[in-house]
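Please look over the sequence and the model shown here before reading on.

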Amino acid sequence: MKENKKTLYSFVALSLVLSVIGISVGFAAMSTELNLNGSASVVPATWKIKFNNLSSPAITGAATVVTAPTITSDTHIGNYEVQLSKPGDEVVYTFDVVNNGSIDAELNTYTFATPTITGTGTAAASDETIVSNNLVYTLTYADGSAIGVNDVLNHGETASLKLTVGYSATANSLPVNTVTITGMDVTFVYGQK
């Protein structure tokens with residue numbers, strides 16, 4: 001009986017060893033190793049929204065250009081002055097806003113300042129009112145359509161704009177004395193679309 005027990009223990013031990021070997025071989029045969037390898041690089045995009053192609057003025061009536069506008073640092077048009085003397089006088093400039101970058105842009109804010117109108121002499125207040133009621137000061141796309149927030153300027157695209165400064169052709173009065181108009185400012189802020 002002792003020998004039978006010894007044989008039985010040997011048989012159980014051998015069975016256990018064979019079972020472990022069988023399970024290991026079965027597990028190895030049924031397992032798969034998956035690998036994911038790769039790399040990345042960052043190529044910087046470019047951001048370049050600018051003014052370009054400022055035209056010579058288109059003048060109507062007796063309007064004159066005292067100081068022609070200039071583009072400075074690609075992002076500023078300024079220092080222009082025009083004189084208007086009668087109804088229908090008008091000065092029109094066209095220029096482009098160009099997206100020379102590689103990122104699409106969207107107009108986030110568009111601020112069209114209210115000009116300051118200052119009369120002189122004894123009729124200053126009434127002259128200011130007359131000019132305020134008859135001043136034509138607009139900025140539109142070259143085709144006349146309105147500029148608005150959320151307008152898109154995709155990379156590589158150009159938007160042509162038209163600035164008009166004039167005295168209404170339907171005006172029925174003129175100021176008595178010279179009236180100056182300052183603060184004719186427009187600010188565009190483009191952001192990434």
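A polar contact is a pair of N or O atoms within 3.5 Å; within protein, one must be able to donate a hydrogen and the other to accept it, and residues adjacent in sequence count only if both atoms are side-chain atoms. By that rule, the side chain of Asn99 reaches the backbone oxygen of Asn154 at 3.5 Å. This is a predicted model, where local features need pLDDT of at least 70 and side-chain atom pairs count only at pLDDT 80 or more, while totals for chains, interfaces and linings use all residues. Residues are numbered from 1 along each chain as its sequence is written, and side-chain values use heavy atoms, with hydrogens and water left out.

**Asn99**

- Asn99 lies in strand S7, residues 90-99; helices (H or I, at least four residues) and strands (E, at least two) are DSSP runs numbered from the N terminus.
- Asn99 counts as buried because its relative accessibility is 0%; buried means under 20% relative accessible area, exposed over 50%, and partly exposed in between (1.4 Å probe, protein chains only).
- Leaving out residues up to four places away in sequence, Asn99 touches Lys48, Ile49, Asp104, Ala105, Leu153, Asn154, His155, Gly156 and Glu157, where contact means heavy atoms within 4.5 Å.

**The open sheet**

- Three strands form an open sheet in the order S11-S8-S14, with antiparallel pairing; two strands pair if DSSP finds at least two bridges between them.
- Strand S11 (152-153) and strand S14 (186-192) are the edge strands, each pairing on one side only.
- Strand S8 (residues 105-112) is joined to S11 by two bridges, and these strands run antiparallel.
- Ala105 stands opposite Leu153 in S11.

**The nonpolar core**

- A nonpolar core is a set of buried Ala, Val, Leu, Ile, Met, Phe, Trp, Tyr and Cys residues joined through side-chain atoms within 4.5 Å.
- The largest such core has 30 residues, of which Leu161, Phe188 and Tyr190 touch the most other members.
- Several elements each supply at least two residues of this core, including strand S1 (49-52), helix H2 (124-134) and strand S12 (158-167).
- S12 gives the largest share of this core, five residues.
- Apart from neighbours within four places in sequence, Phe188 is in contact with Phe51, Leu107, Thr109, Tyr110, Leu139, Ile147 and Leu161.

**The whole protein**

- The secondary structure comes to two helices and 14 strands.
- Of the 193 residues, 27% count as buried.
- Of the contacts with a separation of 6 or more, 79% are between residues 24 or more positions apart.
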